[in-house]
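Please look over the model below together with these notes.

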Amino acid sequence: MIIDFHTHLDFYNRRELEQQLAEFSAIFIAAAVDEKSYLANVAISNHTKTTARACHIIPTFGIHPNRADENAPLLDDPSITQRFEKYLAQSPIIGEIGIDFCWSKSSSANQEKVFRWFLEYCNKTGKACVIHTKDAEQKICDILTDYPSARPIIHWYDGPEKIYREFIRRGYPQTFGVETIRSQHLQNLLQLTPLELLLAETDNPDSEPWLGGTRSDLGLIARVYEELAGLLNMQQLELEKIIEDNFNRIIQKP
């Protein structure tokens, strides 16, 4: 089974998405950027259970660093955090969370507050969490030492090799996606990655067009697998089995 470990299904036109889900077989980890996003992915998942049985959608709750300014104050309201904690309990994986010092307009203080709130939960429960690190790699590396029982998964890392090697040393799984075939730096990081830490993603539907491509369909993940298999000099079916095994270890309860 092909697994897209990081995609934003709620960003799609709903009618077009439902048609694609009926025609393509895969597991999709549907990352949230905030509460509204998470609930939209839950609705898509519930609909798909009755209309697209070949697809399995796993909605995950998180707050993206871009949404930190409006969400950080909510974490001081017990009635809201109680609701958020219900979503966390429902999510087999947490995400997307993290810090972004490149594109996000949210304050660094609010980003860190939100990030640490989620890490507290992951540290307590041992759940895996998908982390956005853009230009905040060292900050995140330092923060994660405070939460040794959290299980980080690093999403689309393209930062310094030294910090990447530290993440690998700690055993953090890594996602590779549509930029890998375009970037020698990412290809170098791919070669450094133990196969037992390897995952594949698209970050659909925006990532490929952002890089100058034209595709944003769900089937893009199949091309990513083909590209990664070629770069690793292995058969695609072998890569599919490796990533499926990695996925199964991640979703197992600690």
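Where is Glu-96 found? Glu-96 is found in strand S4.

1. Basis. This is a predicted model, in which local features need pLDDT of at least 70 and side-chain atom pairs count only at pLDDT 80 or more, while totals for chains, interfaces and linings use all residues. Residues are numbered from 1 along each chain as its sequence is written, and side-chain values use heavy atoms, with hydrogens and water left out. Helices (H or I, at least four residues) and strands (E, at least two) are DSSP runs, numbered from the N terminus.

2. Strand S4. S4 spans residues 93-98 and is mostly covered, with six of its six residues buried (buried means under 20% relative accessible area, exposed over 50%, partly exposed in between; 1.4 Å probe, protein chains only). S4 pairs with strand S5 (residues 128-132) in the parallel sense, over four bridges; pairing requires that DSSP finds at least two bridges between two strands. Ile-97 stands opposite Ile-131 in S5.

3. Cis peptide bonds. Most residues other than glycine have a negative phi, and most peptide bonds are trans. The bond from Gly-95 to Glu-96 is cis, with omega near 15 degrees. Another cis bond joins Asn-204 and Pro-205, with omega about 0 degrees; Pro-205 is in the loop between strand S8 (198-200) and helix H9 (207-210).

4. Positive phi. Asp-135 has phi near 60 degrees and sits in the loop between S5 and helix H6 (137-144). Asp-135 is partly exposed, at 43% relative accessible area. Asp-203 has phi near 55 degrees and lies in the loop between S8 and H9. At 15% relative accessibility, Asp-203 counts as buried.

5. Helix pair H7 and H8. The axes of H7 (residues 161-170) and H8 (residues 184-192) come within 11 Å and cross at roughly 25 degrees. H7 is therefore roughly parallel to H8. Axes are lines fitted to C-alpha atoms, for helices over the stretch in contact, and angles run from 0 to 180 degrees between N-to-C directions. Angles under 35 degrees count as roughly parallel, over 145 as roughly antiparallel, 65 to 115 as roughly perpendicular and the rest as oblique.

6. Contact of H7 with H8. Glu-161, Tyr-164, Arg-165 and Ile-168 in H7 meet His-185, Leu-189 and Leu-192 in H8, where contact means heavy atoms within 4.5 Å. By class, this contact has four nonpolar, one polar and two charged residues (Ala, Val, Leu, Ile, Met, Phe, Trp, Tyr, Cys and Pro count as nonpolar, Asp, Glu, Lys and Arg as charged, and the others, Gly among them, as polar).
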